[in-house]
Each structure stands twice: as structure tokens, then as C-alpha cells.
Amino acid sequence: MSAVTVREMTSTDIDALVVFDATLFADDAWPATTWWAELAERPRREYLVLEQDGALLAYGGVDHGGESADIMTVAVVREAQGRGHGAAMLDALEEAAGRRGATGALLEVRADNAPALALYERAGWRQLHVRRRYYQPGDVDALILGKTLLTGPAERGTTAAFGNNAGGGEGE
């Protein structure tokens with residue numbers, strides 16, 4: 001089995017992404033038209049995939065908005081979950097944002113997505129805000145998380161902005 005690699009998402013990935021997104025996110029899944037629109041937003045938007053032996057394992061995207069980037073999506077296909085691929089994808093997106101000059105990043109996550117919340121907490125993300133009843137149907141809150149992005153390996157793990165200090169910085 002070959003190594004897991006990160007590469008830029010291409011239009012040839014869209015059919016697989018539509019299927020995976022529908023199985024992972026049900027009511028919140030992106031249709032092909034959304035994926036095409038997202039890819040058309042390059043270079044401001046950057047989408048990556050994690051793959052092994054040609055099989056898609058994870059995907060994610062970042063909107064490069066200057067000093068603060070927005071993580072648009074992070075997902076790991078069901079068959080590959082629990083193997084660290086979400087952390088690898090999140091790290092790749094954070095690195096991509098940092099290379100483009102972002103010093104901080106934001107994302108939103110469903111309040112009922114325990115695996116994603118655990119991943120983000122382990123990666124140093126902190127809750128900044130709550131959007132009540134944002135996800136429909138179901139009236140599920142969206143949690144807005146933030147993180148300071150650090151450029152050098154020596155800086156990783158010691159953060160201050162976006163509420164990432166040692167004390168936490170809890171949101172609402």
C-alpha cells in the first residue's frame with residue numbers, strides 16, 4: 001500500500017465528492033453545482049484531497065480572505081474515519097492558509113457533530129460564537145471556532161489570538 005498524499009482537488013473529483021458528501025452530510029451535502037462553483041473561485045478558494053492508491057480518503061477547502069482564512073469544509077469518507085485523516089486534512093488546510101498570509105482562521109461546525117468537535121479541540125481550535133438554530137432541518141446550532149495560524153514548526157502549539165491561549169477562551 002502506498003503512502004497517503006495530499007493534492008489539489010480537480011474537476012475529475014467532483015462525481016466522487018457528491019457521493020461522499022451525500023453519505024456524510026445528508027441534508028447539508030453539496031450538489032455538483034456547488035462543487036463546480038467552489039472550484040471556479042480559485043485562486044481565492046483552495047480545495048485539497050487526501051488519497052491513497054487513487055482512493056479518496058478526505059477532502060477539505062479553505063477560503064483565502066487575507067489575514068483571516070475560512071475553512072469551508074473538512075470531511076473524511078466513512079471507510080477511512082478514525083485513522084487520523086481528518087487531522088491530516090485540517091493541518092494541510094491550515095498550512096495552505098498560512099502560506100497565503102493568513103494569521104488566523106475561522107470555521108463553523110454543527111453543535112451535534114461530536115467527532116468534528118473533538119478533532120478541532122485537539123487541533124487547538126476554540127469556540128468564539130454560536131449561531132442558534134442555523135442548520136435546518138433540525139434547528140441545530142452552528143458553533144463558530146477560531147484559531148491562530150502559526151507559520152513555523154517551533155511556533156505550533158502555542159497560540160494567543162482567537163481565544164487560543166492556555167486558558168481556553170470559551171465562546172457563548
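This is a predicted model: local features need pLDDT of at least 70, side-chain atom pairs count only at pLDDT 80 or more; totals for chains, interfaces and linings use all residues.

1. In the hairpin formed by S2 and S3, two residues lie between the strands, and Asp53 adopts a positive phi near 50°.

2. Is S2 enclosed or open to the outside? Eight of its eight residues are buried, so S2 is largely enclosed by the rest of the structure. The cover extends to both faces, with Arg45, Tyr47, Val49 and Glu51 buried on one side and Glu46, Leu48, Leu50 and Gln52 buried on the other. In a regular strand the side chains alternate between the two faces of the sheet.

3. The sheet as a whole is open and holds seven strands in the order S1-S2-S3-S4-S5-S7-S6, with mixed pairing. Its edges are strand S1 (5-8) and strand S6 (126-135), each of which pairs on one side only. From one strand to the next the twist averages 25°.

4. Helix H3 (residues 85-99) passes a simple check of its geometry: at 1.5 Å a residue its 15 residues should span 21 Å, and its end C-alpha atoms are 21 Å apart, which agrees. The buried residues of H3 are His85, Gly86, Met89, Leu90, Ala92, Leu93, Glu94, Ala96 and Ala97, and what covers them includes S1, S2, S3, S4, H4 and S7. Just after this helix, Gly101 takes a positive phi of about 100°.

5. Helix H4 (residues 114-122) lies across strand S4 (68-76), strand S5 (104-110), S6 and strand S7 (140-148), and runs at about 160° to S5.

6. The largest nonpolar core contains 28 residues, and those with the most contacts inside it are Tyr120 and Trp125. At least two residues of this core come from each of S2, S3, S4, H3, S5, H4 and S7, with H3 giving the most, namely five residues. A second, separate core has 11 residues, among them Ile14, Trp35, Tyr47 and Val49. In soluble globular proteins, nonpolar side chains tend to be buried together.

7. Thr73, in strand S4, deserves a separate comment. Its relative accessibility is 12%, and because the cut-off for burial is under 20%, Thr73 counts as buried. Leaving aside residues up to four places away in sequence, Thr73 touches Trp30, Trp35, Tyr47, Tyr59, Gly60, Gly61 and Leu93.

8. Some totals for the chain complete these notes. Of the 172 residues in the protein chain, buried residues make up 41%, and the chain exposes about 9000 Å², of which carbon and sulfur atoms supply 52%. Among contacts between residues at least 6 apart in sequence, 58% join residues at least 24 apart.

Conventions. Residues are numbered from 1 along each chain as its sequence is written. Side-chain values use heavy atoms; hydrogens and water are left out. Two strands pair if DSSP finds at least two bridges between them. Helices (H or I, at least four residues) and strands (E, at least two) are DSSP runs, numbered from the N terminus. Axes are lines fitted to C-alpha atoms, for helices over the stretch in contact, and angles run from 0 to 180 degrees between N-to-C directions. Contact means heavy atoms within 4.5 Å. The expected span of a helix is 1.5 Å times one less than its number of residues. Buried means under 20% relative accessible area, exposed over 50%, partly exposed in between (1.4 Å probe, protein chains only). Accessible areas come from the Shrake-Rupley method with a 1.4 Å probe; for residues, only the protein chains shown count as cover. A nonpolar core is a set of buried Ala, Val, Leu, Ile, Met, Phe, Trp, Tyr and Cys residues joined through side-chain atoms within 4.5 Å.
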